Amino acid sequence: MINSLNLQLAKKNSELRGLETKFLESLQRIKEFEEQFAGRDRESSTLKEELEAKTGKIDTLEKSISDSEGIIRSLEEKLTGKVVEFKDLDKLVFEKSEKIGKLEQEIVEKNEKIKKL
């Protein structure tokens, strides 16, 4: 009977050592997972900071683009005004040229009349 109890005790001790080994392996895996998650948390924080920095740059670029678009619109309006002024001046030059041509023609005609007199 003592041998039987000793065998049972040895079997239980063996089972306990096996369970202890499994428990220690599980603890080791838990530590490894914790380390992985800590590393991923650091990576996540770094990526979040990079994203925030890039978002700030994008906001700055969007503001710059918006400001540039305003300047471009203003220049387009000024340019349109200058084009209208140019067309008006071109028309005025054309009209004055026609008038000069008519006056020169009148001068030629009057000079001919004077020569005939």
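Me: What are the ground rules for the numbering and the values?
Reply: Residues are numbered from 1 along each chain as its sequence is written. The model is predicted, so local features need pLDDT of at least 70 and side-chain atom pairs count only at pLDDT 80 or more, while totals for chains, interfaces and linings use all residues; side-chain values use heavy atoms, with hydrogens and water left out.

Me: How many helices and strands are there in the chain?
Reply: The chain has 1 helix and 0 strands. Helices are DSSP runs of H or I with at least four residues, strands are E runs of at least two, and both are numbered from the N terminus. Helix α1 covers residues 2-116.

Me: Why is the chain called more spread out than a compact globule?
Reply: Its radius of gyration is 49 Å, well over the 13 Å that the globule rule gives for 117 residues, so the chain is more spread out than a compact globule. The radius is taken over C-alpha atoms, and the rule is 2.2 Å times the number of residues to the power 0.38. Along the principal axes, the C-alpha trace spans about 170 × 15 × 15 Å.

Me: What makes G39 count as buried?
Reply: Buried means under 20% relative accessible area, exposed means over 50%, and partly exposed lies in between (1.4 Å probe, protein chains only). G39 has 15% relative accessibility, so G39 counts as buried. Buried residues make up 1% of the 117 residues in the chain. G39 is found in helix α1, and its C-alpha atom is 18 Å from that of L27, 12 residues apart along the chain.

Me: Why does V84 count as partly exposed?
Reply: V84 has 44% relative accessibility, so V84 counts as partly exposed. V84 is also in helix α1. From V84 to K116 the separation is 32 residues in sequence and 48 Å in space, C-alpha to C-alpha.

Me: How do you know that K12 and E15 meet in a salt bridge?
Reply: A salt bridge is a side-chain nitrogen of Lys or Arg within 4 Å of a carboxyl oxygen of Asp or Glu. For K12 and E15 the N to O distance is 3.9 Å, and their side chains meet in a salt bridge. Both residues lie in helix α1, 3 residues apart, about one turn of the helix. E15 is partly exposed, at 38% relative accessibility.

Me: What makes K63 and D67 a salt bridge?
Reply: Their side chains meet at 3.0 Å, N to O, in a salt bridge. K63 and D67 are 4 residues apart in helix α1, about one turn. K63 has a relative accessible area of 52%, so K63 is exposed, whereas D67, at 37%, is partly exposed. A search of the whole structure finds 2 salt bridges.

Me: Which residues form a nonpolar patch on the surface?
Reply: F23, L24, L27 and I30 form the patch, with about 370 Å² of accessible area together. Patches are made of residues with over 30% relative accessible area and no salt bridge, with nonpolar side chains (Val, Leu, Ile, Met, Phe, Trp, Tyr) joined within 5 Å and like charges within 9 Å. Accessible areas come from the Shrake-Rupley method with a 1.4 Å probe; for residues, only the protein chains shown count as cover.
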